[in-house]
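Visitor: I would like to learn how to read a structural model feature by feature. Could you take each feature in turn, giving the general idea and then the case at hand?

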Amino acid sequence: MPKKKSTRKSTKKAQRKRPDTIKPVALYHDMAVYENFERCAPRIFEVIWSAQQKAPNAPRLLYFDVQGHRNSAGGYDRDSWEMIENFLPEKALPYLTELHTPLYSWKNKRRQDNRVPQEMHIGYPEGEGKSFWYDIESLPLRKREAEADSRRTPPSKRAIMEYLGVSEECLICWNSPVERAHVVPTSLGGSMDVRNFALLCREHHRQAPDIADAEAFWAWVDYAEIRDSGSKWTRAPEKIKSWVLSTGGRVEPLDRGEMSFLESVQFELRHLYGWTDDDFSATSWELIAEYHHVLDKATGRHFGVEKKASTHAWAYHVARLRLAAEITGRPNKTDFNLPF
């Protein structure tokens, strides 16, 4: 009887397979206009960590692009510049083999580190003070553009599309036709600068918050885009829908049922701002009074809609932060949680 051939040698050989012979994995992230630095950076690490889980130790090639995020001179704004100039080469490249951005392509001179952290907590740079988040103490106008142009009329949809780097579709659900939506309403000091506009369908325009904080507006768009992600695929072919489902996505809008106005506000406080049962049970007369103060000073009425759940949810959240700052003596930044 012939001797059975051992497979031990071939198995060991496979285990000793050199990393450069493993098929590389290409990763892509487009820094959307609604992503600021604090939301984009952790997502980069989520992509890298996920790639390590699905293809252990395979060489990773990250391709990074930017949507919008331009300053008045036409260059990159602070958030995108921080990603390209500092975060990606210093924090992300060690876990990659190659990094490609609109400004450069770098190869990791050392061996790719495969001990990828599952979570990346982003702190605020030293010396920046409150400029990275909304100043809840004075409730000022906070616009994304540092120097707005002096135009008196809104830019064309074409100009907004070119700035955002998108087609004429809603940023949230990809439906059309779209409307020009102010990020900060003119009633609160918002400009006609192209950077102060988003393209939204009529329904999402009517839902968007009317607030003095541009970054909170974009955080809401980010939240709504994830919340309503299923609506993007309603008109897609069945083959595409099957692929979306296989990747863990949704092909139908999130069913929130028939919610009353207060239920909608509560839903947003839970899912965007991370409120818990304890936060709701701690509601007091002081919080109600502070909420009305924020409403009067830092929100407005826009698009002919009296009640917008998103506007009121933001006012409640900022009011709670203001009260907490009075108790602790420390200002709080506004946090945005996107669990969908």
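Visitor: Does W174 count as buried, exposed or partly exposed, and what is its relative accessibility?

Guide: A word of care comes before the answer, since this is a predicted model. The class follows from the relative accessible area, with buried under 20%, exposed over 50% and partly exposed in between. W174 has 34% relative accessibility, so it counts as partly exposed. Its place is in the loop between α4 and β5.

Visitor: How many helices and strands does the protein have?

Guide: The secondary structure comes to 11 helices and six strands. Of the 340 residues in the protein, 45% are buried. Among contacts between residues at least 6 apart in sequence, 68% join residues at least 24 apart.

Visitor: In what order do the four strands of the open sheet lie?

Guide: The order is β1-β2-β3-β4, and the pairing is mixed. β1 (25–31) and β4 (105–107) are the edge strands, each of which pairs on one side only. Neighbouring strands of this sheet are turned by 15° against each other on average, direction ignored. β1 runs parallel to strand β2 (residues 60–66), and seven bridges join the two; V25 stands opposite R60 in β2.

Visitor: Which strands does α2 touch where it packs on the sheet?

Guide: α2 touches β1 and β2, and its direction makes about 165° with that of β1. α3 lies across β1, β2, β3 and β4, and runs at about 165° to β2.

Visitor: At what angle do the axes of α2 and α3 cross?

Guide: Two packed helices are described by the angle between their axes and the distance between the axes. Here the axes of α2 and α3 cross at roughly 35° and come within 10 Å, and the crossing is right-handed. Residues that make the contact include F37, C40, A41, F45 and I48 of α2, together with M83, F87, L88 and A92 of α3.

Visitor: How many aromatic pairs are there, if ring centres must lie within 6.5 Å?

Guide: The count comes to nine aromatic pairs. In one of them, the rings of F37 and F87 have their centres 5.8 Å apart and their planes at 85°, so the pair is edge-to-face. F37 belongs to helix α2 (residues 37–54) and F87 to helix α3 (residues 78–92), so that this pair links distant parts of the chain, 50 residues apart. F37 is buried at 6% relative accessibility, and F87 is buried as well, at 5%.

Visitor: How are the rings of F45 and Y95 arranged, stacked or edge-to-face?

Guide: Their centres are 5.5 Å apart and their planes stand at 75°, so this pair is edge-to-face. F45 lies in helix α2 and Y95 in the loop between α3 and β3 (98–100), so the pair ties together parts that are 50 residues apart in sequence. F45 counts as buried at 0% relative accessibility, while Y95 is buried with a relative accessible area of 17%. Ring pairs link F37, F45, F87 and Y95 into a cluster.

Visitor: Over which ring does the charged end of R70 sit?

Guide: The charged end of R70 sits over the ring of Y76, 4.2 Å from the ring centre. In another case, the charged end of K307 sits over the ring of F261, 5.0 Å from its centre.

Visitor: Which way do the residues of strand β6 point?

Guide: In a regular strand the side chains alternate between the two faces of the sheet. In strand β6 (residues 197–200), F197 and L199 point one way and A198 and L200 the other way, and all are buried. Strand β5 (residues 179–182) runs antiparallel to β6 and is joined to it by four bridges, with A181 opposite A198.

Conventions. Residues numbered from 1 in each chain as written. Predicted model: local features only at pLDDT ≥ 70, side-chain atom pairs only at ≥ 80, totals over all residues. Heavy atoms only, no water. Phe/Tyr/Trp six-rings, centres within 6.5 Å; stacked < 30°, edge-to-face > 60°. Buried < 20%, exposed > 50% of the residue type's maximum accessible area, 1.4 Å probe, protein only. Lys NZ or Arg CZ within 6 Å of the ring centre and 35° of its normal. Pairing = 2+ DSSP bridges. Axes fitted to C-alpha atoms, helices over the stretch in contact; angles between N-to-C directions. Contact = heavy atoms within 4.5 Å. Left-handed = near helix turned anticlockwise from the far one by under 90°.
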